[in-house]
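Subject: Structure for you to look at

Hello,

Here is the structure I promised to pass on. Please open it first, then read my notes below.

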Amino acid sequence: MLSAALRPSLGRHSAFSNRRLYSSPSESTQKKAQNTLMSAQIDASRLWESSKKYLDPLTEKAGRRIAYKQPLLYNLSVTKEVLKQIYVAEGLQPQMLSAVRQAYESIWDQVSRSGALGKLVRDGEVSAWVGIYGLQAYGIFKIGEIVGRRSLIGYDLQ
């Protein structure tokens, strides 16, 4: 009974086994992809136009409700120009990926050498920083205790 139910599915499977699953795209496939892309672009432009039709009145209403629209826009434009000048003067252009990669590689090379970490420990730099940070943490802990108790020494039991 089970084998009778499986026979039709095996027959269908053998009909598909002769087809190639992975093949290079043909011209018709490329044309279909281009047509699909064009229709998606057309649909997107239609959606954009219809959304502009509905959003333009809303932005006009919101603009009319702001009492100080002109000074606000002026201040925003002045802020934008000042930020541009700071960006140019300070040379805040984004780093190239190769420069960032080179910096990380040099840091990794310094840390991966066993002598570099040992030198820091021998020189006492690490222990000095650990001591300073430990002292800061202890001080912050004590200040927190004093604030929590609301008393400099001991708890107020009254």
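How many helices and how many strands are there in the chain? There are 6 helices and 0 strands. Both are DSSP runs, numbered from the N terminus: helices are H or I with at least four residues, and strands are E with at least two. From the N terminus, the order reads α-α-α-α-α-α.

Some ground rules. This is a predicted model, where local features need pLDDT of at least 70, side-chain atom pairs count only at pLDDT 80 or more, and totals for chains, interfaces and linings use all residues. Residues are numbered from 1 along each chain as its sequence is written, and side-chain values use heavy atoms, with hydrogens and water left out.

**Surface**

The chain has 158 residues, and buried ones make up 2% of them. Buried means under 20% relative accessible area, exposed means over 50%, and partly exposed is in between (1.4 Å probe, protein chains only). The accessible surface is about 15300 Å² (Shrake-Rupley method, 1.4 Å probe; for residues, only the protein chains shown count as cover). Carbon and sulfur atoms account for 63% of that surface.

**Helix α3**

Helix α3 covers residues 69-90. Its 22 residues should span 32 Å at 1.5 Å a residue, and its end C-alpha atoms are 32 Å apart, so the two agree. The expected span is 1.5 Å times one less than the number of residues. Just after α3, Gly91 takes a positive phi of about 65°.

**A nonpolar patch**

Leu97, Val100, Tyr104, Ile107, Val111, Leu117, Leu120, Val121, Val126 and Val130 form a nonpolar patch on the surface. Together they have about 900 Å² of accessible area. The elements giving two or more residues are α4 (97-112), α5 (114-123) and α6. α4 gives the most, with 5 residues. Nonpolar side chains (Val, Leu, Ile, Met, Phe, Trp, Tyr) are joined within 5 Å, like charges within 9 Å. Val126 sits in helix α6. It is partly exposed, at 36% relative accessible area.

**The end of α6 and beyond**

Arg149 lies in helix α6. Is Arg149 buried or exposed? It counts as buried, because its relative accessibility is 19%. Leaving aside neighbours within four places in sequence, Arg149 is in contact (heavy atoms within 4.5 Å) with Gly154 and Tyr155. Ser151 lies in the segment after α6 (125-149). Ser151 is buried too, at 19%. Its side chain reaches the backbone oxygen of Ile153 at 3.1 Å.

Best wishes

How values were computed: Polar contact = N/O pair within 3.5 Å; in protein donor to acceptor, adjacent residues only side chain to side chain. Patch = residues over 30% accessible without salt bridge, like charges linked within 9 Å, V, L, I, M, F, W, Y side chains within 5 Å. Salt bridge = Lys/Arg side-chain N within 4 Å of Asp/Glu carboxyl O.
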